[in-house]
Amino acid sequence: MSLIMVGVEKGGVGKSTLTQNLAAIRASLDRRVAIYDLDNQATTSKWVARRRDLPALPQVYVERMEEGRHTQEEFALQLQRLIDSYDDVFVDVGGKDTEIFRAALAAADIIVAPLIPSPADLDTVPDLAEVIGKFSKKIDIRVVLNQADPRKRMTKAMISEMAAFKATLPLMSKMIANRESYKFATAQGRGVAELEGSFWDGNAANEMKDLYLGVFGK
Ligand SMILES: Nc1ncnc2c1ncn2[C@@H]1O[C@H](COP(=O)(O)OP(=O)(O)OP(=O)(O)O)[C@@H](O)[C@H]1O
Ligand SMILES: [Mg+2]
């Protein structure tokens, strides 16, 4: 069993996109996969609903929890139920520093933290490093640059700024480019590697394979 948390506090960085893609790859390996959707926009719940219309694809289960509608105990209980019943549980983080966020953070086996090369995203890094640094256990976290172009100055600046945090927030060496295919995949209920025909994008599929290997190792 693995509990994989995708995302930290920053909004709009690709948490839902990466949750969907990593979950699709895990499911394709015959693992029973659940997603705990804490995103108020329910992006990933909608993705799972569209995926149900594609029965040839390995299905994933989604549990949606809306902030403010459940107690802290209910959140924790639901998460535990998923952990007990599935091989992998992905938490698509809502983007707020709530108690459930902290509890899931403490329980997570792996945290994938996407960031976009931008000053606003970089500004969130010291706080995140502090939160992570306070946990007594070693947290297995990887920061991945999303919508990033290695030739851009902002990307290079982000990489050099992140070096100061490498003990707590190691940056993955491979980054993810801005590609329309990620949007099409979300729209179709697929992972990018499952896009077909004119939608097929080998570069995106390879990128997700690299991300997958960087996160799970095999
Ligand atoms: N690599 C990418 N290339 C192109 N578009 C992307 C990429 N990653 C994410 N997007 C798009 O950026 C937007 C935000 O992505 P996403 O919904 O995954 O972020 P999020 O962190 O879950 O946001 P929120 O904080 O609102 O939950 C979406 O429209 C998504 O399709
Ligand atoms: Mg989201």
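Q: How do β5 and β6 pair, and over how many bridges?
A: In this predicted model, strand β5, residues 110-115, and strand β6 pair in the parallel sense, and five bridges lie between them.

Q: Which residue of β6 is the bridge partner of Ala113?
A: The partner of Ala113 is Val143, which belongs to β6.

Q: OK, and is β6 itself enclosed or open?
A: Strand β6 covers residues 141-145, and five of its five residues are buried, so the strand is largely enclosed by the rest of the structure.

Q: Which way do its side chains point?
A: Ile141, Val143 and Leu145 point one way from β6, while Arg142 and Val144 point the other way, and all of them are buried.

Q: Zooming out, what is the strand order in the sheet?
A: The sheet is an open one of six strands with parallel pairing, and its order is β3-β2-β4-β1-β5-β6.

Q: Which strands stand at the edges?
A: The edge strands are β3, residues 61-64, and β6; each has a single partner strand, so one side of each is left without a neighbour in the sheet. From one strand to the next, the twist averages 20 degrees.

Q: What holds paired strands together, in general?
A: Strands of a sheet pair through backbone hydrogen bonds, and the pairing can be either parallel or antiparallel.

Q: How many bridges does β2 have with β4, and how many with β3?
A: With β4, strand β2 pairs in the parallel sense over five bridges, and with β3, which also runs parallel to β2, there are four bridges. To find these pairings in the structure, you can look for Val33, which stands opposite Asp88 in β4, and for Asp37, which stands opposite Arg64 in β3.

Q: Are the faces of β2 covered or uncovered?
A: Both faces are covered, with Val33, Ile35 and Asp37 buried on one side and Ala34 and Tyr36 buried on the other. Counted along the strand, five of the five residues of β2 are buried.

Q: And what joins β1 to β4?
A: Strand β1, residues 2-6, runs parallel to strand β4, residues 88-92, and five bridges join them. Within this pairing, Ser2 has Asp88 of β4 as its bridge partner.

Q: New topic: how much space lies in the largest pocket?
A: The largest pocket holds about 510 Å³ of space. It is lined by 23 residues, and those closest to its centre are Gly12, Val13, Gly14, Lys15 and Thr17.

Q: Which helix gives the largest share of that lining?
A: That is α1, which supplies four residues of the lining. Helices α1 (15-28) and α8 (180-188) each supply at least two residues.

Q: What classes of residue are in the lining?
A: The lining of the largest pocket has 14 polar residues, five nonpolar ones and four charged ones.

Q: Last topic: which residues coordinate the magnesium ion?
A: The magnesium ion, ligand 2, is coordinated by Ser16 through OG and by Asp39 through OD, at 2.0 to 2.1 Å. Ser16 lies in helix α1 and Asp39 in the loop between β2 (33-37) and α2 (43-51), so the pair ties together parts that are 23 residues apart in sequence.

Q: Are those two buried or exposed?
A: Ser16 has a relative accessible area of 10% and is therefore buried, the cut-off for buried being under 20%. Asp39 is also buried, with a relative accessible area of 10%.

How values were computed. Residues are numbered from 1 along each chain as its sequence is written. Chains are lettered from A and ligands numbered from 1 in the order in which they are written. This is a predicted model: local features need pLDDT of at least 70, side-chain atom pairs count only at pLDDT 80 or more; totals for chains, interfaces and linings use all residues. Side-chain values use heavy atoms; hydrogens and water are left out. Buried means under 20% relative accessible area, exposed over 50%, partly exposed in between (1.4 Å probe, protein chains only). Two strands pair if DSSP finds at least two bridges between them. On a 1 Å grid over the protein atoms alone, a cavity is a set of points where a 1.4 Å probe fits but cannot get out, and a pocket is an open set with protein on both sides within 12 Å along at least five of seven lines; lining residues have an atom within 4 Å of a point. Grid points are joined across faces, edges and corners, and a volume is the space filled by probe spheres set on the points. Ala, Val, Leu, Ile, Met, Phe, Trp, Tyr, Cys and Pro count as nonpolar, Asp, Glu, Lys and Arg as charged, and the others, Gly among them, as polar. Donors are N, O and S atoms within 2.8 Å of the metal (3.2 Å for Na, K and Ca); water is not among the atoms, so sites may look incomplete. Axes are lines fitted to C-alpha atoms, for helices over the stretch in contact, and angles run from 0 to 180 degrees between N-to-C directions.
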